[in-house]
Amino acid sequence: MDANELETLLISSVEDLSPYLDRWRHLAAGSPTRSPEWLLTWWEVYAEASDCLSVLVFQGKDKRLVGLAPLYLHASAKGERIIRFLGSGEVCTNHATWLAVSDWETRIGAEFARFIHQSSNCSHLFLEAVD
C-alpha cells in the first residue's frame, strides 16, 4: 500500500469496535452526536432485530484509523436492504456523516462510495440528515 491507499474494514458487532473507540471519539471532534457513545447508544435503543451494524473503518498503511462511516443495514418490510447512517430513521440524529482525519476527507468519501457501490448486501442507500 502506498501512503494514499486505504484498507476498508466492515465491522458488524459493537464488541469488534472496541479497538477503534478512542480514535472514533477523536474523529468526532467534540460533536456529541457523532461520538460512539451517542451513536452506539442509539443503536442499542432503536435498532430493529433484522438490522445489521455495518460500520466502515478506514485505515492507512500504518494501520492508523483515518476515517469511519457509522452505518447499519436495515431490512425493510418490503425486503429492501437499505444502508443508512447510525442515528437515522424515525428517531433521527442530525448532521450524520462519515468522519475523516484532516486532508483525508476526499479520499474517505471516494472509498465510501466505492465500497457502497460494490456492496452486494444492499439494494438502496438512504442518507438522511447528512451534512
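What share of the contacts in the protein chain with a separation of 6 or more comes from residues 24 or more positions apart? Such residues account for 63% of these contacts, a contact being heavy atoms within 4.5 Å. The structure is a predicted model, in which local features need pLDDT of at least 70 and side-chain atom pairs count only at pLDDT 80 or more, whereas totals for chains, interfaces and linings use all residues. Residues are numbered from 1 along each chain as its sequence is written, and side-chain values use heavy atoms, with hydrogens and water left out.

The protein chain contains three helices and eight strands, arranged along the sequence as β-α-α-β-β-β-β-β-β-α-β. Helices (H or I, at least four residues) and strands (E, at least two) are DSSP runs numbered from the N terminus. The radius of gyration of the protein chain, 14 Å, is close to the 14 Å given by the globule rule for 131 residues, so the chain is as compact as a globular protein of that length. This radius is taken over C-alpha atoms, and the rule is 2.2 Å times the number of residues to the power 0.38. Along the principal axes, the C-alpha atoms fill a box of roughly 45 × 30 × 30 Å. Of the 131 residues, 44% count as buried (under 20% relative accessible area, with a 1.4 Å probe and protein chains only).

Four strands form an open sheet of mixed pairing in the order β2-β5-β6-β8, where two strands pair if DSSP finds at least two bridges between them. Strands β2 (52-53) and β8 (124-126) stand at the edges with a single partner strand each, so one side of each lacks a neighbour in the sheet. Strand β5 (residues 71-75) runs antiparallel to β2 and is joined to it by two bridges; Leu53 stands opposite Tyr72 in β5. Five bridges join β5 to the antiparallel strand β6 (residues 81-85), and His74 has Ile82 in β6 as its bridge partner. The hairpin of β5 and β6 has five residues between the strands, and Gly79 takes a positive phi near 90 degrees there. Four of the five residues of β5 are buried, so this strand is largely enclosed by the rest of the structure.

A search of the whole structure finds one cavity of 30 Å³ or more. A cavity is a set of points, on a 1 Å grid over the protein atoms alone, where a 1.4 Å probe fits but cannot get out; lining residues have an atom within 4 Å of a point. Grid points are joined across faces, edges and corners, and a volume is the space filled by probe spheres set on the points. The largest cavity holds about 70 Å³ of space. Among the 10 residues that line the largest cavity, Thr33, Leu39, Pro70, Ala96 and Thr97 are the closest to its centre.

Notes: On a 1 Å grid over the protein atoms alone, a cavity is a set of points where a 1.4 Å probe fits but cannot get out, and a pocket is an open set with protein on both sides within 12 Å along at least five of seven lines; lining residues have an atom within 4 Å of a point. Buried means under 20% relative accessible area, exposed over 50%, partly exposed in between (1.4 Å probe, protein chains only).
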